[in-house]
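The report below is meant to be read alongside the sequence and the coordinates. Its subject is how chains meet one another and how some of their elements pack.

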Amino acid sequence: MTVDALTGVLLIPAAAACLLAALPGYRLTARLNVVAAFMTLLTAVSLFIVEPRSGAYLLVDDLNKVFIVLTTFVGFTTSVFSASYIGHEIEIGRLTPTFVRFYHAMYQALMFAMNLALVANNIGLMWVAIEMATLTTVLMVGIYRTHEALEAAWKYFILGSVGIALALFGTILVYMAARPVVGEGLYAMVWTVLITRAAEFDPALLNVAFVFLLLGYGTKVGLAPLHAWLPDAHAEGPTPISAVLSGLLLNVALYALLRFKMLLALNPAAIAPGPLMVTMGLISCLFAAFMLYRRRDIKRMFAYSSIEHMGIIVFAFGMGGALANFAGLLHMTMHSLTKSAIFFAVGHIAQVKGTQKIADMGGLTVTNPLLGWGLVLGVVAIAGLPPLGIFMSEFLVVSSTFARQPWLAVILVSGILVALGGLFLRLNTIAFGEPRGPTRQSDASYVPMFVHFAIVFAAGIYMPPALVLGFENVAKLLG
Amino acid sequence: MRGSLTFDIAHLLAGSLVLVSFMQLYQDRLYALLNIYALHALVLAASVAWQAFVQDAPHLYLTAVIALVFKAIVIPMALHRIIVRLGIHREIETVVGVGPAMLLGMGLVALSMVVMLRVTAEADPLAREDLAFALSVVLLGLLMMVTRRNAVSQVVGFMSLENGLVLAATGAKGMPLVVEISVAFSVLIAFIVIGIFLFRIRERFDTVDVQALDRFRGERR
Amino acid sequence: MILARDLIFQGVQMLLVLALSPLLTGFVRKVKARLLRRQGPPLVQPYRDLVRLMRKDVVLAQSASWLFRVIPYIVFAGTWVAASLVPTFRGGLLFSWSADLIAIIALLGSARFFLALAGLDVGTSFGGIGSSREVMIASLAEPAMLMIVFTLALIAGSTQLSTMAGYMASGAEGLRVSLGLAVIALIMVAIAENARIPIDNPATHLELTMVHEAMVLEYSGRHLALIDLSSELKLLLYVSMIACLFTPWGIAAPEADAQALVVGVVSYLAKLAAGGVLLAVFETAIAKMRVFRVPAFLGAALMLSLLATLLLFVSGSL
Amino acid sequence: MTAYVLYGVAALFALAPTAIALAASRAASGIVYGACLVVTAALTVLAVMSLIGEPSNPAVVLPLGLPWLGAHFRIDALSAFFLIVVNLGGAAASLFALGYGRHEETPHRVLPFYPAYLAAMNLVVLSDDAFSFLVAWEFMSLTSWALVVAHHRDGDNMRAGYVYLLMASFGTLALLLGFGLMAGPDGHYAFDAIRAAHPTAGLAALVLILAVVGAGSKAGVVPLHAWLPLAHPAAPSHVSALMSGVMTKVAVYGFTRIVFDLLGPPDWWWSMVVLALGGVTAAMGVLYALMQHDLKRLLAYHTVENIGIIFIGLGLALAFKAHGMAFAAALALTAGLFHVFNHSIFKSLLFFGAGAVLNATGERDMEHLGGLIHRMPQTAFVFLVGCVAISALPPLNGFVSEWLTFQAILLSPQLPSWGLKFLVPAVGALLALSAALAAACFVKAFGMSFLGRPRTPVAANAQETDGSSLAAMYFLAALCLVAGVLPGLFIDALAPVSRALVTTAMPHQTGIEWLTIVPIAESRSSYNGLLVFVFVTLSGSIAAFAIHRLASDRLRRGPAWDCGYPDPSPATQYTASSFAQPIRRVYGTTIFQAREIGEMPPPGATTPARLTVELRDLIWDALYAPLAAFVGFATERLNILQFLTIRRYLTLVFGALVLLLLVLAI
């Protein structure tokens, strides 16, 4: 096929991965990593200008455009953050250059996998891409090769594999459902074809398929009770990876889920996917909210907050309707930006304090004002307080739900409230009070973090009409 | 689809795959379990080959070969060696006794039948039956994973689950990427096995018993 | 012309209450003494006391502040203004509309407020006792009083004292249960407000029993004179209030001629005398109660008044 | 007009980053507070203009907030009035802070949030659609939270901030649900749209409950008040003044806006809810206050009391409105809103006084104060004015609004519904009770901290506070007097508001001779603060003059008499708790389960005898403790899920799968 933006977002990371695997010296590789990520971002943005036509394997439409740009953007900022982060890790000798080389290669490989999953027009291809993303992240989670890291990686790996297997089974079932209608062969797996004929598929097959896909990809999304891998993987891996996991990988899995939800929604005879998603979303939200309270590891805490927000997002999409879908998309975007920014902050904090244990850090706003207030800002944003973006999305989710399903909204609201309590309970000890632990300044760059916050802040106050239009189109697409 | 003989044979093979899954469930020795798994893979290979013949899709033969060589021979031997190397004690520790496990398995099979036979008959019966069996194999594999304590037996459980997948994939007539998928899965399994062996777990735990792996549970209580 | 006349009457009223109040106190003391078969001080004794106190130097505690010296004047002024707004012998006072009954109660309230502050100013233990007990009593007496006001206002359809008096005099309202409850409650409150037995004993200086006296313990000279005068004014105020509300007979109408005015004055004096006698008899008849029995007493008053109001609310629609 | 006001708000917002930039320099506080003073003063003027000039301001729609909705801002009579309250308080606080702020040790934790806080409160009042309203509302909570935790090294402040933020978000979420209900599933969030939509009775009832909970939790309605006495004192005093004097009023605004304006014609029983809550709040608030000996906390509890009084007024207005008694409704509403204004004035004044004392002595505990009237006479004077005003004593403003409320209560027998017939008198009794208790409480507050002899060295060497603080306090004190003696002006100013909300207004007051106020009819009731004030001052000064002229004016200083055994030690004075003891005996034994444990050593023992008092906050025990316990329990139980083995996690997945398949199979 011809080389256009679509293939660009795949080729650049792939090439970069190979190159980085070959090159020594972390400074160079880190820079290359940033450059590659930036180029990918540019190509992704160009998708908006010239829309390449989608083929049997690759596809670009309003839905995945949003995801791709988000992914590449956060990928880029994270690569900037990771450059300074990794530099520090090497200084303190937590990582050896060989591992850094491996790390950067994997980073790009992960980018490649996620982009592939997003642009894949073929459900089989999508599945392969997500599996690949999982494997790469597994390797990166285990990269410190400490006791905890290996265990987290192992847990992630086993649970992830099972998830993958379930997802595959679902995919096969979808194919089986499609085959009698579409006919044998490739086209029974091509998304654009499926979506047009979905109404004629066998509902029973679709139902079973959706159950498997929900559980399979839901594991990746981190929905309770399939979430078990998520907190540890976030806590033990290198922080840039935690940022990417929370900010991107969960979204990619969610994206897959959404695709199949659309498929099912188009089939009148099949079960409505909404209630299932709503239930799992609510469970995740409430559960994670309560789990926030007894966390002692700062990264694990924010991992649980990711679960909570994924719950909210899935809930929103489950509710459906233009407003709720819009809210879900908005919430997803805002959450990606905010959460990754928080992880940037947390990464620097952990490096300053030399630990991730909340008990050993305190009074950050006194000792490291930028970091401390950055974290406060992040928590304020993630807790859904105005004037930051998440407030808007939560406002839309809750208010639009309450008019339709009061009790669900009440449950959701209580979850949000409980989560807020948990987050601020910890924030108080981390950011305020008497300083605890080492208080040296970190020389890292806070630019990525504050860029994210700036965007989230701006979105909370003013959303450019173009963006709104795009989101609304996608919301309509999602039905 | 040609005559009912093909159908019967495919049916037979798929059914026997389920049967072998059941056999796995009541093993209490690791070596025996490995052998049964080899048998499992063998049956799978046969049924894949048969499908290849039925659908005259040559690429499926490749899958069959992979199943035969990789799953029926390489993996079991590797695991065998690991058991010897790591000196894992040989008997399987079960969570629920064999009897209940079997009953559960029955229930699962029944469940998968019920779920799958709702599928309207337009989807050809071969696929339908195959899917029903595949689903029960998958579920049995999962059951195995959750009712066994040893990592090795869990791995075996996972692999039989995956066999179920391949069965389904090959049963799905003309499904593209089957080979790729089976290859990808073999890679996955290889990773697991390597994980057990090379993933430095040996250095840190004197057994691969998953509980020992979990003895350190992320966040200390 | 009319304005001038009313102004004159208003002035007369102010001076009248000022002039009569010590006499009333003296009268009550005399009657009490007689009831106890004592000779008792002459009627004019209170005037003498006031004059003497006025003449004396003020001995001020070192720890006393400027507020302590201002308060007597505030208390006096507040009480005096309140007293001069209560119809005595002639209705339709010029400025009666400037403060209705609620405002009058509130004026007395501010007088008490400052008096309680005075008790705390010097920083002695007795002052503290006095003020704390005073505010405790007030915290029950004032709501009761307000409830009584509600009752009367609901009956008379006004909180304007002269209007109420006029309504009562017109006799449009027959006997009502709530009226009866109100009058009982009002008497109880009045006793408490004027620090009479059984709530408090103006004659005692026994530390553990005194309330009002403890507050003003540190006052001397002209300050004390003003305080005493204002408490005497207060007594007069309450007696004449009860009189004009429940025995409104003989009060001269605004445009009344001289004869009616004479009737008014005479009847007013008669009412005062009657009130004084009743008070004296009551005080000699019963004994002072422990401070912490007071809440029960006033609580009863509060309940009665609330009951009265409730009855009106409920029956008002029947 | 609206546009200009928005410029002002924008200027305030712009001040926040400026403050961050300046935070290092020493001039920062001067600049920021000065600017805030100027802006808020200007905004006050604008607000007064738009209230007097019968505002017909069209909505200004900015392309902010919700994309397809935009941010609507509009000034109608109601918002104009509350704009006055907000900015007057803001101006006073800024003036006070010009001096007070200099003593702030960590200005960079206060300066950036202060203007943002002011701006947020302005926005709440301005906003004309649900989204902007809630954004501003929650942003207001957020900024004030930041100000509460400004002195974060004190653990209590952090705890207070935590409780505050939780309760605030709780309230916001309640309001959010309410608005969601009013806006309907396809989200018509603009207030005009909400007005246009007529909710069914059930929905309206639900919205009312949510509004009471949401706005009430912000205003501090019992039993949702728990955060208030914690948070208000924790903030720097000028912020405490804003939180207590102004923010609670913004909450009242929210309630009024929703219930009187957006929700359409009320149901008669709504007023029952509001009245009952108001009565309980008033009485409970003042009783709590009486038990305090922390000056600022005492003031905070009084805020609760006054909110109760305001809600009584609003409740009566609701009742009258529901029964179509427009004039009575106007009277009650005016009473409530006038009390809103008054309370914002004297509560700010009192908090300023407390702040001045805190500055001079570093003490908030009245047990460690005393005798300050000698060291800081001016502060003492203005504080006294505040005390008289809040105790509802003539001739100051507190009395007028309560007097109006009483007049409204006296109109209520004409209400047809029986529930109200029983409730209203009870509420009236509670109101009277709380008024009397408030007087008692402020005798205690003023007497303990300013009168008597200094109980500690710090109190003995306190210094009079600085000029601008005094200026702020004098200004507010003067306002108390003006509003007390010339209430007619303010009542007339409120006319447009009541016309907008209950279709009619109280009769025009300023025309009446002698500037008397006559709520209903001359014959019924009237009050003339001016005349009373003049009479009292006149007769007082006449008496003083006469006595000094005719009798003696000599004066000797001597030791206190104290029945012959004065004790030199200041410890023998009455303390705050001993002063409250009789009242505690009367009310506390039931409401606070007050228990006095006295341990008297045996004769000859040298150990001191001590009397300890135990108070239980039943509301906290009944409402908040169980919630906390539940969350603790739930987290405890769920936390196990963090520590399972991989196999168990797999079992979860397996279970989920089987469950879903069963769902399909059945």
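**Contacts between chains**

The model is predicted, and the description of its assembly can begin with the pairs of chains. There are four pairs of chains in contact, and of these chains C and D share the most contacts. Chains A and C, by contrast, do not touch, their nearest C-alpha atoms being 40 Å apart, and chains B and C likewise do not touch, with 55 Å between their nearest C-alpha atoms.

The contact between chains C and D draws on 76 residues from chain C and 72 residues from chain D. On the side of chain C that touches chain D, the elements giving two or more residues are α2 (45–55), β1 (58–61), α3 (66–84), α4 (101–121), α5, α9 (221–246) and α11 (294–315) of chain C. Among these, α5(C) gives the most, with 17 residues.

Chains A and B also meet: 36 residues of chain B are in contact with 34 residues of chain A. Here the elements of chain B that give two or more residues are α5 (125–147), α6 (151–171), α7 (178–198) and α8 (201–204), and α7(B) gives the most, with seven residues.

**A helix pair in chain C**

Helix α5 of chain C, spanning residues 125–156, also packs within its own chain, where its axis and that of helix α7 (residues 177–193) of chain C come within 9 Å and cross at roughly 150°. The two helices α5(C) and α7(C) are therefore roughly antiparallel to each other, and their crossing is left-handed. From α5(C), the residues that meet α7(C) include C:Ile137, C:Ala141, C:Ala144, C:Met145 and C:Ile148, while those of α7(C) that meet α5(C) include C:Leu179, C:Ala182, C:Ala185, C:Leu186 and C:Val189. Taken by class, the contact of α5(C) with α7(C) has 13 nonpolar, two polar and one charged residues.

**Strand pairing across and within chains**

Which strand of chain D pairs with β1(C)? The partner is strand β3 (residues 555–558) of chain D, and the two strands pair in the parallel sense over four bridges. Within this pairing, C:Val59 stands opposite D:Arg556 in β3(D).

A second pairing lies within chain D, where strand β4 (residues 595–599) and β5(D) pair in the antiparallel sense over five bridges, and where D:Ile597 stands opposite D:Thr612 in β5(D). Strand β5 of chain D covers residues 610–614, and of its five residues the number buried is zero, so β5(D) lies largely in the open.

**Chain B by itself**

Chain B has nine helices and zero strands, and its pattern along the sequence reads α-α-α-α-α-α-α-α-α. Of the 221 residues of chain B, 48% count as buried. When contacts in chain B between residues at least 6 apart in sequence are considered, 73% of them join residues at least 24 apart.

Definitions and conventions
Residues are numbered from 1 along each chain as its sequence is written. Chains are lettered from A and ligands numbered from 1 in the order in which they are written. This is a predicted model: local features need pLDDT of at least 70, side-chain atom pairs count only at pLDDT 80 or more; totals for chains, interfaces and linings use all residues. Axes are lines fitted to C-alpha atoms, for helices over the stretch in contact, and angles run from 0 to 180 degrees between N-to-C directions. Angles under 35 degrees count as roughly parallel, over 145 as roughly antiparallel, 65 to 115 as roughly perpendicular and the rest as oblique. A crossing is left-handed if the near helix is turned anticlockwise from the far one by less than a right angle, and right-handed if clockwise. Two residues are in contact if their C-beta atoms, placed from the backbone, lie within 7 Å. Ala, Val, Leu, Ile, Met, Phe, Trp, Tyr, Cys and Pro count as nonpolar, Asp, Glu, Lys and Arg as charged, and the others, Gly among them, as polar. Two strands pair if DSSP finds at least two bridges between them. A residue is buried if 20 or more other C-beta atoms lie within 10 Å of its own, exposed if 12 or fewer, and partly exposed in between; C-beta atoms are placed from the backbone.
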